Amino acid sequence: MTLQIHAVSEIDSSDLRSLVVDNLGALLGTGARLVENMPQMNGCCLATSDTHDGPVLLSFDAVDPQRALITGLTWMDQLSGEMVPLFLQEFHPPTGLVVLAPAAPPGLTLFSGSCPVNWQRIQVLSVNGEFGMLIERAVEETTSVEPTPQESHPTIIESVLSTEEKQHFSQL
Amino acid sequence: MHNPAWRPAQLHTERLASIQHHFIDNHPVVRNTGKPGVIHTLPVHMAIAAGHPASALQPHYLVSALARQLNLQTSAVAPHPIWQLEDIPLERRATYTNQGFILVFATANIEGVRLAYTGIKTLSATPSRRFGVLFSGARDAELVRRCQERLASGARQFLGIRLHELGHLSAPGPDFSVDLARLAEEVHRLWETHSIHNQPEVVHT
C-alpha cells in the first residue's frame, strides 16, 4: 500500500482540536489530560493538566503562529483573574502557556520575559486522506522578529570581568 | 425589568462577591494551606542571553514548573515545606547573603556562559556558596558539553569554585516531566546538602 502524505494548510479548528486532544500525551507527557468543566473558550485553546496536574494552557494554530500566541495570551489573561477561581470549582489559573504552531511566533522571546510561555512545533499532515500531526522537538530557532535583549548586563560584565576572564569567555 | 430567572444567579454572584476577601490570596505563589509550614526560597540567577531561542525553556516557565515539582516531591515531608524560586538581580546580591545554594539558569551559548560566570563571580563573594548550573537552548549535546566545560573551567581557574552540573532542560515536550522530576530531585539534594540550615526561614501560618 502506498502512503500518500502531504502537508495540510487548511484544517477546521474542530479537526485540529481533536488532533491536539488525541496527542496530549505526546505533547505534554504521559498522563496529560483536559481540564473538565471549563467555560467555552476559543476553538483553538485548551485548558489542560500536565503529568503532575499542573495547569497548562495550550493554544494552537496549524498555519499562523502569531494568532496562536495572541489567542493563548488573551486566554491566559482571562483565566488568571482573581475572581475566576470563585466561579469555577477546583480551578487553578494556568501557570504556563504552550503555543503549538508550525513556526516560532514573532515576539515570543520578548513575551516570554514576562509570561511563562513556550513554543512547540507541529505540522498537520494528510496521510491517505486522514489527518495526522507531526510533533517535532523544536531545534534552536529564533523568531522572525529580532529578539529584544532581556537580561543582558554588558555594563556589569565590563566592570566585573578581568582581561583574562574576558578572553576565556570570548568563545566556546 | 430584570428577568426573574436570573435572580438566583445574581444572588449567588452577590454572595460570592461579599465573601471574596476570605478566598483571594494576596500571594498567589504561596497558597495558605491553613497549616503551619516553612517556606524554602531557592535563589535563581538568570543568565539569559539576548539570543535565547524561542524554542528553549523560558525562565518564567522554569520558575513555575520547578517550584511546583519541588512542592510535589516534598509534599509527604512534615512539616510541609513550601518551595518558591526567586530570581536574583545582581544589583540585590547583598540581600541574599544567607543562601547556601544558588541555581544558575543559562542560555546555552557563549553569551549565556559569560552571563552565568559574571553572576557566579559576583555572588561568590560570600564564602560557602554552591552553584548548580542548568542550561537550555542547545541544538545538540555537543554544544551543552562545550558550554559546561567553558563555564566550569573558568570558575575553577579564576574563582577556585567547582560547579554542580545540572545538565540541559528543553522546552516542555514528551520527556519534560521526567527531566523536570530528575532536576527537582537533584536540586533538592544539593539544597539539603549546602543550605545554611540556620538561615532565617519564613514561617507560614
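A residue is called buried when its relative accessible area is under 20%, exposed when over 50%, and partly exposed in between, with a 1.4 Å probe and protein chains only. The views below show a predicted model, in which local features need pLDDT of at least 70, side-chain atom pairs count only at pLDDT 80 or more, and totals for chains, interfaces and linings use all residues. Residues are numbered from 1 along each chain as its sequence is written, chains are lettered from A in the order in which they are written, and side-chain values use heavy atoms, with hydrogens and water left out.

**View 1. The aromatic pair of B:Trp83 and B:Trp191**. Rings of Phe, Tyr and Trp (its six-membered ring) pair if their centres lie within 6.5 Å; planes under 30 degrees apart count as stacked, over 60 as edge-to-face and the rest as tilted. Over all chains, the structure holds four aromatic pairs. B:Trp83 and B:Trp191 are edge-to-face, at 4.9 Å centre to centre and 70° between the planes. The pair joins strand 2 (residues 81-87) of chain B, which holds B:Trp83, to helix 5 of chain B, which holds B:Trp191, and the two are 108 residues apart. Helices (H or I, at least four residues) and strands (E, at least two) are DSSP runs, numbered from the N terminus. Both B:Trp83 and B:Trp191 are buried.

**View 2. The aromatic pair of B:Tyr117 and B:Phe158**. The ring centres are 6.3 Å apart and the planes stand at 75°, so B:Tyr117 and B:Phe158 are edge-to-face. B:Tyr117 lies in helix 3 (residues 110-123) of chain B and B:Phe158 in helix 4 (residues 141-159) of chain B, 41 residues apart. B:Tyr117 is buried, with a relative accessible area of 0%, whereas B:Phe158 is partly exposed at 26%. Ring pairs link A:Phe169 with B:Tyr117 and B:Phe158 in a cluster.

**View 3. Helix 3 of chain A**. Among the buried residues of helix 3 of chain A are A:Leu69, A:Trp75 and A:Met76.

**View 4. The lining of the largest cavity**. A cavity is a set of points on a 1 Å grid over the protein atoms alone where a 1.4 Å probe fits but cannot get out, and lining residues have an atom within 4 Å of a point. The largest cavity holds about 60 Å³ of space. Its lining includes A:Leu27, A:Asp50, B:Tyr61 and B:Phe176.

Key: The expected span of a helix is 1.5 Å times one less than its number of residues. On a 1 Å grid over the protein atoms alone, a cavity is a set of points where a 1.4 Å probe fits but cannot get out, and a pocket is an open set with protein on both sides within 12 Å along at least five of seven lines; lining residues have an atom within 4 Å of a point. Grid points are joined across faces, edges and corners, and a volume is the space filled by probe spheres set on the points.
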